[in-house]
Amino acid sequence: MIAMDVQVGAATHPGLRRRVNEDSHLAEYPLFLVADGMGGHDAGAAASSAVVAEFRALVGQDSVGIDEMRAALARARAAVHRIGHEGRAAGTTLTGVAVTEVGGHGYWLTVNVGDSRTYRFADGELEQISVDHSVVQELIDAGELTGEAAGRDSRRNEITRAIGAGSGGEADFWLIAAEPGDRMLICSDGLSGEVPEDRISGILREVVDPQDAATRLVHEAMLHGGRDNITAVVVDAVRVAGQDDDAYDTAPAGGASYAEEDTRPRAAAGGDA
Ligand code: MG
């Protein structure tokens, strides 16, 4: 059973300051993902594209289950590890949604490692679904920093989890009941770090076609400076299996916890703090 009918748009650009685009994305049913690579030379681009390649094997399925996501993530980690072992510090974020099916209902299965972001735009409201694995997010959680100040903080580019880059790469997952009209935005920090959320929300509200919306968002990030690589994937749920039945949201246990053994590449080599 096809869990959902979707319409999709995607756009990416190296931005105005960087020569190489180290972001990679996948925007083919049932997987909508963005990966933001890091590492010297071509290691970042190699890491993000290797991760996306592992998930591409699931394209064309009616839906994707969490066990398949975990298995693909393990293969992705191994692929990035091999890149790193060629003498380079390779790593990447990963965020996005897989369309999944639970008891005949269509769901968004959100995955996140790092500080790329997955948002849901529904009923005119933009909500960040993923929780950044970043130093500033930890400071916000501890009450030591406001969300507004975080955008200017010198540590804003330091992430606490990645696939590769010395991190265990453990992912958070969230299962969210999908509804027709849901618009998911998956993006790298070249968008979310550059364009205020109310502006992102305005574009998602105004621009109906998902491809036009993705293109417009990337363009907007360039108007705001384009200091990083920019990627936006926009997914609209047109029809959702079982959506008239009783649906519920769940947050699988262990999602937001930080394991003690996780290595966190804070101000590691390459940081711009
Ligand atoms: Mg970036």
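Which residue in β12 does R183 stand opposite? The points below take up this pairing and the other features of the model.

1. Basis of the note. This is a predicted model, in which local features need pLDDT of at least 70 and side-chain atom pairs count only at pLDDT 80 or more, while totals for chains, interfaces and linings use all residues. Residues are numbered from 1 along each chain as its sequence is written, and side-chain values use heavy atoms, with hydrogens and water left out.

2. R183 stands opposite D236 in β12. Helices (H or I, at least four residues) and strands (E, at least two) are DSSP runs, numbered from the N terminus. Two strands pair if DSSP finds at least two bridges between them; β11 and β12 do so over five bridges, in the antiparallel sense. R183 and D236 also form a salt bridge, with their closest N and O atoms 2.7 Å apart. This pair links distant parts of the chain, R183 being in strand β11 and D236 in strand β12, 53 residues apart. A salt bridge is here a side-chain nitrogen of Lys or Arg within 4 Å of a carboxyl oxygen of Asp or Glu. Both R183 and D236 are buried, where buried means under 20% relative accessible area, exposed over 50% and partly exposed in between (1.4 Å probe, protein chains only).

3. Strand β11. Five of the five residues of β11 are buried. R183, L185 and C187 point one way from the strand, and M184 and I186 point the other way. In a regular strand the side chains alternate between the two faces of the sheet.

4. The β7–β8 hairpin. Strand β7 (residues 117–122) and strand β8 (residues 125–128) pair in the antiparallel sense over four bridges, and L126 in β8 is the bridge partner of F121. The two strands form a hairpin with two residues between them, and D123 in the turn has a positive phi of about 55°. E127 is found in strand β8 and counts as partly exposed, at 43% relative accessibility. Leaving aside neighbours within four places in sequence, E127 is in contact (heavy atoms within 4.5 Å) with T118, Y119 and R120.

5. Other salt bridges. The count comes to 13 salt bridges. One of them joins D132 and R117, whose closest N and O atoms are 2.7 Å apart. D132 is in the loop between β8 and α3 (135–141), whereas R117 is in strand β7, 15 residues apart. D132 is buried, with a relative accessible area of 5%, and R117 counts as buried at 16% relative accessibility. Salt bridges that share partners join R117, D132 and E197 into one network. D153 and R155 form a further salt bridge, with the closest N and O atoms 2.8 Å apart; D153 counts as buried at 11% relative accessibility, whereas R155 counts as partly exposed at 32%.

6. The magnesium site. The protein donors of the magnesium ion are the OD atoms of D36, D189 and D228, which lie 2.1 to 2.3 Å from the ion. Donors are N, O and S atoms within 2.8 Å of the metal (3.2 Å for Na, K and Ca); water is not among the atoms, so sites may look incomplete. Along the chain, the donors follow the spacing D-x152-D-x38-D. D36 lies in strand β3 (residues 31–38) and D189 in helix α5 (residues 189–192), so this pair ties together parts that are 153 residues apart in sequence. Both D36 and D189 are buried.

7. Nonpolar cores. A nonpolar core is a set of buried Ala, Val, Leu, Ile, Met, Phe, Trp, Tyr and Cys residues joined through side-chain atoms within 4.5 Å. The largest has 31 residues, and L31, F55, M69 and L94 have the most contacts inside it. The elements that each supply at least two residues of this core include β3, α1 (43–56) and α2 (66–84), and α2 gives the largest share, seven residues. Apart from this core lies another, of 21 residues, among them V195, A214, A221 and A232.

8. Helix α6. The buried residues of helix α6 (residues 197–206) are I200, S201, G202, I203 and L204. What covers them includes β7, β8, β11, α5, α7 (210–223) and β12.
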